[in-house]
Amino acid sequence: MPRPGSASWWAAKVRQAGAYARARVDPGERADLAGWLTPAQLRVFDAMHVADRRHGLDVMAYLRADGIDDPEVLLAGLLHDAGKGQSGFVARILYSLSQAYGGWIWGIGILLPPLTKSMTRLRAHPALSAMLAEAAGCSPLTVELIRRQDDPPADETARRFHLADDAN
C-alpha cells in the first residue's frame, strides 16, 4: 500500500473516486452470486452501495486470479465493506483524508450533521461488516478476515486478502 499522502497514494485515491462514480454491477454477475451465496448473504450483498458491491466483486476476482479458491476467503472479499452502508462520496473522501492526514479531518466531518452518520459508519465499518457477515451465517474465518481488514496481516491468507483489497 502506498504511503498515505504520497503521490502514489493520491493516484490510487483518484482512481478509487473514478471507480466509485462509474460503479456498476452487471445483472449476470449478480445472478452468478445467487448460485453460491445463501439468501442471507445475498441480502447483505444487495444492501451494499453499488460501489462497494463492485469493489467486492473486483476483490474476489483478484483473489481468484491469485489462486485463492477458498469460498470463505472469497466471501470475505465480496462482503468486507458491507458495513459502510450507503455512505456518500463526500464522507468517503473525508474519511480517506483522515486516514492520511490525521483524525482531525474525521473530527470535522463528524461535526457536520449531514455527514455524522456516514462518518461514524465508515470508521466502524470493519466491525459492522463482520457483524453483518456473522448474522448472515458466514464462517468464523470469513468474519475474522472482515473484522481485521484494517489490521496488519497476521498470516499469508490475511496478507493476500489485504493485497487484493488494496489493489482494487
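Predicted model: local features only at pLDDT ≥ 70, side-chain atom pairs only at ≥ 80, totals over all residues.
1. Helix α5 (residues 71-79) packs with helix α9 (residues 140-147) at an angle of about 40°, their axes lying 8 Å apart, which makes α5 oblique to α9. The crossing of these two helices, α5 and α9, is right-handed. On the α5 side the contact is made by Glu72, Val73, Leu75, Ala76 and Leu79, which meet Leu141, Thr142, Leu145 and Ile146 in α9; by class, this contact has seven nonpolar residues, one polar and one charged.

2. Met119 sits in helix α8 (residues 116-135) and is buried, its relative accessible area being 0%. If neighbours within four places in sequence are left aside, Met119 is in contact with Ala91, Leu94, Tyr95, Trp106, Gly109 and Ile110.

3. The whole structure holds ten salt bridges, and one of them joins Asp66 to Arg160, with the closest N and O atoms 2.8 Å apart. This pair links distant parts of the chain, since Asp66 lies in the loop between α4 (50-65) and α5 whereas Arg160 belongs to helix α10 (residues 156-167), 94 residues apart. Asp66 is partly exposed at 33% relative accessibility, and Arg160 is partly exposed at 21%.

4. Asp81 and Lys84 also form a salt bridge, with 3.7 Å between the closest N and O atoms, and both of these residues are buried.

5. A further salt bridge joins the side chains of Arg148 and Glu144 at 4.0 Å, N to O. Arg148 is partly exposed, with a relative accessible area of 35%, and Glu144 is partly exposed, also with 35%. Glu144 and Arg148 belong to a network of salt bridges that also includes Arg147 and Asp151.

Note on methods
Residues numbered from 1 in each chain as written. Heavy atoms only, no water. Axes fitted to C-alpha atoms, helices over the stretch in contact; angles between N-to-C directions. Helix = DSSP H or I, 4+ residues; strand = E, 2+ residues; numbered from the N terminus. Parallel < 35°, antiparallel > 145°, perpendicular 65-115°, else oblique. Left-handed = near helix turned anticlockwise from the far one by under 90°. Contact = heavy atoms within 4.5 Å. Nonpolar A, V, L, I, M, F, W, Y, C, P; charged D, E, K, R; others polar. Buried < 20%, exposed > 50% of the residue type's maximum accessible area, 1.4 Å probe, protein only.
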